[in-house]
Amino acid sequence: MITRRDLIKWTAVAPALATGSQAAFARAPQGLDALLLDERFSPEPAADYARIPVMRFAGDVTGVWYDHLDRRWRDPGYVLGGITGSDALFVLETLANHHGRRVVSRTALAEPNIDGVRPVSWVIAPHHPSVTA
């Protein structure tokens with residue numbers, strides 16, 4: 001069950017992330033609880049990003065999972081957006097599914113692949129009534 005609040009958050013965030021990394025930086029704070037950036041693909045976020053937490057990693061998302069996401073995904077709500085490699089998104093999507101969340105927006109970006117890994121912008125949000133805000 002999707003709440004009205006969740007629908008509004010996702011509607012504001014998904015188009016911004018779909019247009020590419022620079023446009024995502026311009027509009028993502030409107031609906032995300034946090035932004036996850038893969039240093040292999042993402043430039044530095046704009047200075048006005050103080051409104052939401054920005055987490056960074058370089059290819060291996062394990063540290064972010066253990067240090068932050070596992071704990072946050074046990075709480076209701078929490079919408080996470082990101083610009084990562086398709087490999088990291090695969091791992092996050094699998095872990096998210098175990099916590100009642102799923103990828104609600106996914107767009108391959110025009111930036112070049114690195115070592116055969118494609119950059120993707122995405123949003124992961126709750127999809128089960130027990131985890132909605």
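Student: What is the accessible surface of the protein chain, and how much of it belongs to carbon and sulfur atoms?
Tutor: In this predicted model, the accessible surface of the protein chain comes to about 6,500 Å², and carbon and sulfur atoms hold 55% of that surface.

Student: How many of the residues are called buried, and what makes a residue buried?
Tutor: A residue is called buried when its relative accessible area is under 20%, and by that cut-off 47% of the 133 residues in the protein chain are buried.

Student: In what order do the helices and strands follow one another?
Tutor: The protein chain has 4 helices and 5 strands, and along the sequence they follow the pattern α-α-β-β-α-β-α-β-β.

Student: How do you know that the length of α4 agrees with that of a helix?
Tutor: At 1.5 Å a residue, the 12 residues of α4 should span 16 Å, and because its end C-alpha atoms are 16 Å apart, the two values agree.

Student: Which residues of α4 are buried, and on what side of the helix do they lie?
Tutor: The buried residues of α4 are A88, L89, L92 and A96; they cover an arc of only 95° around the axis, which puts them on the same side of α4. An α-helix has 3.6 residues a turn, so residues three or four places apart point the same way.

Student: What covers those buried residues of α4?
Tutor: Their cover includes β1, β2, α3, β3, β4 (101-108) and β5 (119-126).

Student: What of helix α3, and against which elements do its buried residues pack?
Tutor: In α3 (residues 62-72), V64, W65, H68, L69 and D70 are buried, and the buried residues of α3 pack against β1 (34-38), β2 (54-57), β3 (80-85) and α4 (86-97).

Conventions: Residues numbered from 1 in each chain as written. Predicted model: local features only at pLDDT ≥ 70, side-chain atom pairs only at ≥ 80, totals over all residues. Heavy atoms only, no water. Buried < 20%, exposed > 50% of the residue type's maximum accessible area, 1.4 Å probe, protein only. Helix = DSSP H or I, 4+ residues; strand = E, 2+ residues; numbered from the N terminus. Contact = heavy atoms within 4.5 Å. Expected span 1.5 Å × (residues − 1). Arc of directions from axis to C-beta. Areas by Shrake-Rupley, 256 points an atom, 1.4 Å probe, with all protein chains shown as cover.
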